[in-house]
Structures are given as C-alpha cells and as structure tokens.
Amino acid sequence: MAKITMTVNGRQVSGTCDDRTLLVHFIRENLGLTGTHVGCDTSQCGACVIHMDGLSVKSCSILAVQAAGSSITTIEGLAKDGELHPVQAAFKAHHGLQCGFCTPGMVMTAVDMIARHGSGLDEATVRYELEGNICRCTGYHNIVKAILAAAAEMGGARQAAE
Amino acid sequence: MGVEGIGARVARKEDKRFLTGKGRYTDDMSVPGMKYAIFVRSPHAHAKIRSIDATAAKEMPGVIDVLDGRQLTADGIGNLICGWMIHSKDGSPMKMGAWRPLADQTVRYVGDAVAVVVADSVDEARDAAEAVVVDYELLPVVTDPVKAMADGQPQLHPEAPNNLIFDWQLGDAAATDAAIAAAAHVTEVKIFNNRLSPNPMEPRAALGIYDSGDDHYTCYTTSQNPHLARLVMSAFYNVAPENKLRVIAPDVGGGFGSKIYIYPEEIVCLWASKRTGVPVKWTCDRTEAFLTDAHGRDHISTAKMAFDSSNRITALKVDTIANLGAYMSLFSSCVPTYLYATLLSGQYDIPAIHANVRTVYTNTAPVDAYRGAGRPEATYLLERTMETAARELGISPAELRRINFIRSFPHQTPVIMNYDAGDYEASLNAAMGAADWNGFADRKAEAERRGMKRGIGMSCYIEACGLAPSSAVGSLGAGVGLWESAEVRVNAVGTIEVMTGSHSHGQGHETTFAQLVADRFGVPIDSVNIVHGDTDKVQMGMGTYGSRSGAVGMSAVVKALDKVEAKAKKIAAHLMEADESDIVIENGELKVAGTDKSVPWFQMALAAYTAHNLPSGMEPGLKEGAFYDPSNFTFPAGCYICEVEVDPDTGRTEIVQFVAADDFGNIINPMIVEGQVHGGLAQGIGQALLEGVHYDPDSGQLLTASYMDYAMPRADDLPSFKVSTSNTPCPNNPLGVKGCGEAGAIGSPPALINAITDAIGNNTLTMPATPEKVWAAAHAAN
Amino acid sequence: MYETNYHRASSVQEAVKLISGAAEGKYLAGGMTLIATMKQRLAAPSDLVDLRHIAEMKGITVNGRSVRIGAATTHHDVASSVELEAVCPAICALASHIGDPHVRHMGTIGGSIANNDPAADYPAAMLALDATIVTNSREIAAADFFTGLFETALNDDEIITAIAFEAPAKAAYRKFPNPASRYAMTGVFVARRDNGDVRVAVTGAGSNGVFRHQGMESALAGNWSPDAVGNVSVDASDLMTDLHASAAYRANLIKVMTKRAVAAA
C-alpha cells in the first residue's frame, strides 16, 4: 500500500492505494471523479486521457504511484466558474459527441492538441493527432469540426489578448 | 418550426453533463458495501467440465465467495433464450440448444463463463479467478459454418444434428428458377459478409443489488432496453418476479445492437448479490467484450440475378449460410431471415425472388443484430451483384439502377415488404451531383499521372425500420410486441416530463423528444425533461434498436401529446369562457383565436392541479399516456457514392470522398440526423476496409481480441463526409419520419467495395479490403 | 495486474541499488509497454524502479554532428527538438510517428530500445544510424545490441542511460502501419554517410526482429536513388506472417518503404 499526494484540478489530494493501482482507478475510485473512463486494455482508445504536468497522457497506462507529486487535470477541472471551456463549447455547438463515453478523453486530447499547434491546425493534422482516441459514434466528422472551430476561436482570442 | 421545434438544429440538452465528466454510466455507480465480480471463463472453444475446484480461490485475500454453474442451476435460474421462433421449410421449429448463464456441463466457445468470483476489489477477484481450477475434457472444435454442417463434425448441441438450427426459405422458388432459366443474362456472385465486433466504447457492465428486507432486486446495466431486460429476466430466467426487479439503464455509452441482449453477467450479478448478501458489480474489459459481446454479420452467400434483353431484372435467387455462433442469442434468428431476406428486392422492381437461409452453430461467440442487422447483408449482396451485372452487361451502374427502380408506391415486393413511399431517382441524382460523378474520368486520369489508381462506386440501399406492427411480427415468430409507450406529465407549474420506453445511448432523445413538446406547446425545451431507462420511473416500453425511436417512440409521444393538448384546450376554454374549438396554442399560451384573450401555459397547468375551477366532471391533473403500434415499417432509402485512391505499391486505400444522399422523411433535428449518418458511415466503412473477427479454425481461439489486432476506424482512416437529405414523408406515422440510425452502416460497404474493385480492375475482393488483399487483387488484375 | 512494489529513483546509482535488492525487479521508464503488459498479467515484476525522475538521463545534446540523447527523453521531446531537427530530421520525424500524442508524452527512447519490440520504430534507426547504446556500465554498438525478439545485450540490472550517434548526411524513415495496432507492419530506416556508406534497417517485418538489408545497402551504395531499389530481391523466408500481412507482402513493403525513404532522405 502506498500513500500518495498529488494536485488534481488545482487541489491537493492524498490517498492510499496498492502500488499496482492504475492512475485512472485512483482518479475514479479514490477521488470519485468518474468522468475519466476506461474503454480498452491496450492503451489505444484514449477514453482515459488526462493532463499530467500539462501534457496529455493515458491514465490507464500509468500507475497512481508514478503520478505522485504531479499536477493532474481531469475533464472535471476544465470548465471554470460554470462556463464551458471553449473546446467543450465547440463540441456542443458542432455535435461532436453522441454517447459521451469517449468525450472526456477527446476533449482533453483536443485541449492538448490546440495548446501544441495553436490556431494553425488543419484537418489532416487533427485527424492524425486523434490516432490515440477512438470514437464509435460520430465517425469523427463533427469532432474534427469542433476541434478546428475551437482552435480558430482560441487562436482568435489569444490574438485579441495580445 | 420554432427555434426549438420540429426541424430545428437544436444543440443537445444532454451534452453538458457528458462534456464536464458528469455523465453517469453503470461503472460509475457505487453503493455502500459493493463488491466486485470477475468471471472465470473457458480458455477452450469446446470442452466438457469435469470438475471445478474453488477451494484455494476462496481462501485468497478479499474473496467473498466463488460461485459456479451447478449452484446456479440448483437455484433454478433458467436458460438464456432466443425470442423469435423460426420454422424450417419442412415445418419443424428451430433447434435451440441450452445456454446456461454459467456453463455447468459443457463450454462451447472461448469466453463461455463457468464461475464467478466476488471479492473486495477487482484485482483481488482477478487474482482469485486465476486460482479457480477447472478440469476440462477437450472436445473437437469447428468454427467454419460450412464445415460445421458436414457429417462427422463436432456437434455443439444434441438438439441440432449437423449443427443446423434451421433451413428456412422465403419467396417463390419455382417462379424464380423459371425466370433464371429464361433469362437473357444471369449474373452470379459469391458474397462473404465478414464477422464484426460491435465495440461500443463503453464496455458492458452490471451492478446487482439484492435487498433482503423487501426481497427486492435492483440492476444497473448497460442496456438499450431495460424493460425487456426486466421482462426476460423475470419471465424466462427466474431471477425475480417483475414487481420485485427494477432495471436501470443509466447513461449508456453506445450500443449498436450489442446491448439489446440480456447476457449471462447481469443475471449472475443479481443472483450472486442474493447469494453473497452484498451488491455485486461487474465491468467488462475490452478483451472480454471481444470474446463475449454478441458479434454481427458472418454470412456466406451466393446470388443469381437474371436479366431480360432490356436489362430489366427478372429474378433473384439467394442461398445464404449464417453462422450464429455457439448459442442462439436473443434475436439471432430474425436477423438472417425477416430482417434480411425481406429486403432483397432493394430499390428494384423484381418480379420473382427466392431466398434460402441455413443457420449454423459453431464454436464461436454468439452472433446477433449489429447496426443494420440483416439489412447490411441484403444490401451488400444486392449492390455488389448490381455492380457486377453492370460491368458484365457493359452499361453504367447508374443506368442499370435507373432501369430497374421502383417508381410507383405503394409497392408490394415478392418478399413480404410493402414499400409506402420513396423517390430513388431523386437520391441517386443528388448523390451523383454532389460527387461530381461526371467529372470522375478527369480525376482518374490526374490520379493515374501520380501513379495512383482511382475508382468510384455507388450503392442504392433501402432499409426497413420501426419493425411493426405487433400482430404481424407476432405471426412471423416474434416473442414480443414492437409498439412503444409514452407518458406526458405536465406539472402544476407547467414544466413537462415525458416518460418514454425508448432508450437513448447516444441518439440525443433528451433533445429531440423535447423538441416535439416545444413544437406543440411553444414552451422552451429547457422546461421539458425526457425520462427514460428506469423501469420504476417509466411505464413498460420496448427500448431502442432497429432505428425505431423516431418512427415508433416519438409517435407514442405524439399520441400522448394529442391527449394532453385536448385536455389543456378544454381547461383553457373553460377558464376563458370560450369554445374549445377556438383555442389555439402558441408560444406557451392558450389563446382564443381571433381575440386578445389568452391564458399562459403554466396558469392552465396550475388550474388543472388546483382543480378549483375545472369543467364539470373533469378529473384534476394533466398527465396522459399512450401506446403506439405502427401499421407498417418505414422505408428509408438513399444513394451512397464512394471515391477512392488505391496505392498500387502497397494496396492502401484512401477514401477521397464519400457522399450520402438519404431520404429519411421528415426530420426533427437535422444536426442529430447528420451525426447518425456520419457514425453509420464510419461503421460501414470500418466493415468494408478494416474490421474483421478472426478465430483460429483448429483451436477456436479468438485472434482479434484487442485493438492491437481488431482494426477500429480512426479519424485518419476517414474523410469528412458530404451528406444531404431528400424527403418523401412516411405516410404511416403521425410525424412522417423514417429511421436514420442504421442507414450509414447499411449503404456504405458496397459503395466502398464497388469503388475499390473499380479502381483495381478486379471484381474479386472480400471485406475487409485490407492493404494486402487489395495489393494482391490489383496485381492479379494486371 | 499482479502485486508489485514501486520505487522511485533520483539517480542512476540509486536505481541500480534499488533493483539489486529486488527479487525480480524491472526498470520502469515511460511504462507505455511495460504497464500494458503487466495489466494483461503477461509480466509480473516483484518491484518496479521508476527512472522517469532521473535528471541525468534526460535531454538532447548536439555537438557538431555528434548527437547524444538521454535515455529518459520522451518521444515528444525528440520529435520537437530544434537542435536535433537541424542535424538529423529523420529521427525527429520517426519519433513524431511513434504511438499517439499521449504515448509520445510518456514513452522514452531508452524504454523503447530496451524493450526491442519487433515492430518498434527506434531499433531500425539505431541500426541504420550505427548508434552506440550507452549504459551505466559500458557502451554497446547497436549492431551488437538487438539480439532477437524482445531480446537485447543488456545484462540484468543494466540501465540504458543514453544513445549516441553521428548524424549522417542523409536519412529518412518510412513505415507502413498495421491498420489495427498502428505499430510498424514494416518500417525502413535508410542512412547515407558522406563516405558513401549506406545502411538500411528494417523493423516490423523480420521474424527475428530488426535487421539490416545487405542487398538494399549495396544497391544504394552504388546508386543512391529510389530506382536502385527496383531490382533488389527481398527474401521472404525470414519474414513474419501474421493475421495482418504475409511474408510475401512484407517483402514487397520492404522494397516500397525503402524506395520512399530514399526519395524522402
């Protein structure tokens, strides 16, 4: 058993778990944040994507103890003051989700993707960057549209702020 | 239409919870004292169970109990059933072998459950499951359905000699044979429809809670039809009487058919909860899903299509062998029969059709309905045959279709269906226009200069959805009625709840069903709540599959709304001392036409509940229910065109454009309809290009048991789609709607294979068209 | 996953000490393969020693054309290194196509090389670049390092600390991904040095793991052009056949990927 401490969605949390406990299970079961999902066993579907120290990672392929001391953001930590994050808002506006199961991972992936590429994202890059996220409902069409729209809007917002 | 009414592109009400991580799926549920189940599964495809020894497993840390099939049998839990009776052409009933929720004597496919471990944690349960010692006596294995029918092969069930479940036919064999004999040209095609794994992203899960105080059971489960689950578990599996069993299907992460069925695991979780005295949760992992979720398709067919000298089809003869796996799943028998052979007329006027279908047991996972269910198999067979015929006859594929389109409605086909409305030429023209079909030759030449082989293919599909009416499906063998229910409850403050027997697992009912109410009463959709998925909250309903929620589920809502509207108008007329027939409802007000008198909606609702001033003899309250049984199927149809570029060096296929032109009748929310088409196309393209379940023929081991080996469509496998709709309203339901959930998966595979075979100049190619197969076929053609 | 004990090392020395005290210890780098293998209960180390927090194992240094990449450097950091891009863009491009963005944020070059998955990308680059695998106790030439499927020359408890190579004049990597796993179904790394020396290394195809293709190398040494590949014969008898591709198809892919890599270099 390990006692671990990390920062999750801006708050410091501690918990006890087996050394073999996966980060995703620590987040879901110890912290009760069930927005992060498990959709496969082989690190391919991306339903479990969160941000660790500012980068997107698959929480099903990391032990909770590996993440001790790090700063984690989950889907629950994205909206601020009741306002959807621009990526969340774009997914809603463009119908980028159906059953919602892959959605948290898709949104966290999109936020990371936009952070790395900015508003210069194009369709081919978005599709390539989604290699690690599987959606069975949308055919990706509207997910791609939503990410491009969010990138444009966030890029625009950044420019306006500069 | 209002901004939130019928036809409006309304953003979904349910999205916020999914986007912020607040969706509530079965695996998210947690109750005090809850323990975890792991199933011990057979590693062998066919074996007798000699003994099960759980002594060591029971001593392991955290283990509550280990239960096996003999205990389950002793407790009187029943066999899993197939709910649709099919009779062979000799009149004998289908041969249904026993399917135990936990095998007690024989295992028949890899993954068959034999015992369950309940422990404090998933890891501890898994540790103990490995320590359960099952002594198996291995039996020979057969996975190929053709081989399984031969003499001397392993027999799966004593009830089914030569593993034949039924040998069924539809249509006029003599007339069909005569027309083929007299034909100017006969096209013969061998068709293989590959086996698929549905793969909703949320794996199946179940939480069984037994309350000994009330002798009551609650089951949270990943179901497309919780009421059917309750009915079947109570009437057939003896889990609990219906009034002592509550089934809740909360947020469900996709289904595509695979979550229609009641599987062993939810039965076992409920039973184990009573046995152990603790709530028991089981969550499937992906490999378990590949092993045990019902698969789809797996047909081997030959088709003979006869033409007269003017290229009109005179007959179609089809022989199909369908692999149903080790057991008959809940609707497995109707998929290759009434959902398949009845659609073999397609969009064409074919005077004579005959289909023969044999279904077979093999040592593989059960096969049942998967998005499209029977209709993709019919469409693929027909549209590959049409394409092949066009090539043989030397006329354009569009022209051959135009010559044979049905052009007047209603149209009675020789295979039961009575098409009510359609305009097939309109969708063909729309698709060809959107795809710039006429510009293809230039694009092909340009691709040729880059060393790429470009091809184009089309598919004209028809499907039948909203399976109905109940009396008709009953006469064809269905064990249930296929109506739907709704209850509309207007609260005293005027807000509205709609209880529907339909179940949303991605389809957006919480929005589209609310749009119906908004449209009718002019109230904001935020004042309307759609309640579904809980047998304690919602009256009996039949759930969501076969694209039935619009045509059947919404029609029930419309019927209930009619009743609410009638009573609301009576109350308003009474309050305003006007004639009931003069009351109109607009923008949330009940008005007396031609005057400035009005009562706000909420005030009328309050009056219904205060009951201080109601028309004489009227009951207080405002709540109405309806059951709707359709008079016919609906028949969505359309034309899909796919254009590909094949890299001849590697065989890699790139889809350069995909056009879908569909006729779904009237549309409630175009944004959601387009989303359904996109998703269906991705699954159809997945079938044609990427996906295939493979078993080792000697051992029966599943070779595609994870995403490492089962190729799921990713974003970069697909293009952005060009979709459009035309509209011939369905005359048989009040909204004039047809279904849109499955069309994409039904129409797309033949368009893609027609395009690839066009590109490489070789018509022999099986799905999935993997790079190696395409490369080999391209080289064989040269 | 079976029970295991986790340890975090802050130096190479500490890591070696931690693992020497373990019954069946394993080093944990990014964990992108190891954790997945443990989840499937195909590996059961008694102890894991996490190398991700060892500062001395991270980072990229480029000195003229000499390159040194710390073993704990992630694929993402290799892919986005401006210094590396300037001398050997091929390895940046290779890293940018490993797994997916999330895997690239965790997975490390040392972990990938130590695992020597027959379908991994880096081993092909190491062979073709004639790289040196630097460990805590010695330096191993890539040619001697990859010894078979998931097998390397590493001793028990030995840690890869860095890899080093001289950037070639021209290099490129082309892979044809498995449609399901997206690992290389065949990947070819070509490198040409100013002295005319050519190396062609193939991953994803050989039944004994990564290998150099002498036929390609001599053809390209004589004529560094895609056309030179046309007449080289590729023997399929040592290649893998699996659900996704036959040996004959892989033999074809070796030619096509080599041709395309040469064209891109």
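**Entry 1: Asp662(B)**

I looked up Asp662(B) and, leaving aside its neighbours within four places in sequence, I found it in contact (heavy atoms within 4.5 Å) with Tyr461(B), Ala637(B), Gly638(B), Tyr640(B), Val677(B), Ser724(B), Thr725(B), Ser726(B) and Ala743(B). I note that this is a predicted model, in which local features need pLDDT of at least 70 and side-chain atom pairs count only at pLDDT 80 or more, while totals for chains, interfaces and linings use all residues. I also note that residues are numbered from 1 along each chain as its sequence is written, that chains are lettered from A and ligands numbered from 1 in the order in which they are written, and that side-chain values use heavy atoms, with hydrogens and water left out.

I located Asp662(B) in strand E27 (residues 653-663) of chain B. Strands (E, at least two residues) and helices (H or I, at least four) are DSSP runs, numbered from the N terminus. Is Asp662(B) buried or exposed? Its relative accessibility is 0%, so Asp662(B) counts as buried. Buried means under 20% relative accessible area, exposed over 50%, and partly exposed in between (1.4 Å probe, protein chains only). I then checked Leu245(B), which lies 417 residues from Asp662(B) along the chain; their C-alpha atoms are separated by 42 Å.

**Entry 2: Nonpolar cores**

I next examined the nonpolar cores, each a set of buried Ala, Val, Leu, Ile, Met, Phe, Trp, Tyr and Cys residues joined through side-chain atoms within 4.5 Å. Which members of the largest core touch the most other members? Of its 221 residues, they are Phe91(A), Ile147(A), Met233(B), Leu344(B), Ile641(B) and Ile756(B). Helix H19 (residues 743-760) of chain B gives the largest share of this core, 9 residues.

Apart from neighbours within four places in sequence, Ile147(A) is in contact with Phe91(A), Ala110(A), Met113(A), Ile114(A), Leu121(A), Val126(A) and Leu130(A). A second, separate core has 51 residues, including Ala125(C), Leu127(C), Ala142(C) and Phe189(C).

**Entry 3: Chain C as a whole**

I recorded 11 helices and 14 strands in chain C. Its radius of gyration, taken over C-alpha atoms, is 18 Å, close to the 18 Å that the globule rule gives for 265 residues, so chain C is as compact as a globular protein of that length. That rule is 2.2 Å times the number of residues to the power 0.38. Along the principal axes, the C-alpha atoms of chain C fill a box of roughly 55 × 45 × 30 Å.

Of the 265 residues of chain C, 58% count as buried. Among its contacts between residues at least 6 apart in sequence, 57% join residues at least 24 apart.

**Entry 4: Backbone details**

I looked for cis peptide bonds. The bond from Phe409(B) to Pro410(B) is cis, with omega near 0°, and Pro410(B) is in the loop between helix H11 (397-404) and strand E16 (411-412) of chain B. Another cis peptide bond joins Met767(B) and Pro768(B), with omega about -5°. Pro768(B) is in the loop between H19 and helix H20 (771-781) of chain B.

I then noted Ser43(A), which has a positive phi of about 60° although it is not a glycine. Ser43(A) lies in the loop between helix H1 (23-30) and strand E3 (49-52) of chain A, and at 9% relative accessibility it counts as buried.

Arg41(C), not a glycine, has a positive phi of about 60°. I found Arg41(C) in the loop between helix H2 (34-39) and strand E3 (47-50) of chain C. Arg41(C) counts as buried, at 12% relative accessibility.
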